[in-house]
Amino acid sequence: MNWVLLILAIAFETVGTSALKASAGFTRLGPSLVTLTCFVVSLFLLSLVLRTIPVGIAYAIWSGLGIVLIAAIGWLAFGQRLDPAAILGLVLIIAGIVVMQLFSDTTGH
């Protein structure tokens, strides 16, 4: 159940960050409200996850996958360019998360 909550927290954070881009510096009401709501929900869900998953592991996964998803959304939805160094960095983030999941005893499997 905690992994489901973590995935939901990541999803809300990703939607919130995408809406943050659309809020134009909090000058547009709709996207600003979506941003604030999604961030509050994301942090609440993350707080529930922290009851059983260590904070370092949970936050690494939450922020790492959030970075990768936002980079993908930036590329797909906002036309932002990803150069080879950025793609390599994103691959390394994913590799780090996979290594933690497969080989760490602290991930709470």
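Ser-23 sits in the loop between helix 1 and helix 2. Leaving aside residues up to four places away in sequence, Ser-23 touches Arg-28, Pro-31 and Ser-32; contact means heavy atoms within 4.5 Å.

A word on what you are viewing: this is a predicted model, where local features need pLDDT of at least 70 and side-chain atom pairs count only at pLDDT 80 or more, while totals for chains, interfaces and linings use all residues. Residues are numbered from 1 along each chain as its sequence is written, and side-chain values use heavy atoms, leaving out hydrogens and water.

Next, select helix 2, residues 29-49. Helices here are DSSP runs (H or I, at least four residues), numbered from the N terminus. The buried residues of helix 2 include Pro-31, Ser-32, Cys-38 and Leu-45, and its buried residues pack against helix 1 and helix 3.

Now show helix 1 (residues 2-22) together with helix 3 (residues 55-77): they pack at an angle of about 40°, with their axes 9 Å apart. Axes are lines fitted to C-alpha atoms over the stretch in contact, and angles run from 0 to 180 degrees between N-to-C directions. That makes helix 1 oblique to helix 3 (angles under 35 degrees count as roughly parallel, over 145 as roughly antiparallel, 65 to 115 as roughly perpendicular and the rest as oblique).

Finally, colour the residues that make this contact, among them Trp-3 and Leu-6 of helix 1 and Trp-62 and Leu-65 of helix 3.

Definitions and conventions
Helix = DSSP H or I, 4+ residues; strand = E, 2+ residues; numbered from the N terminus. Expected span 1.5 Å × (residues − 1). Buried < 20%, exposed > 50% of the residue type's maximum accessible area, 1.4 Å probe, protein only.
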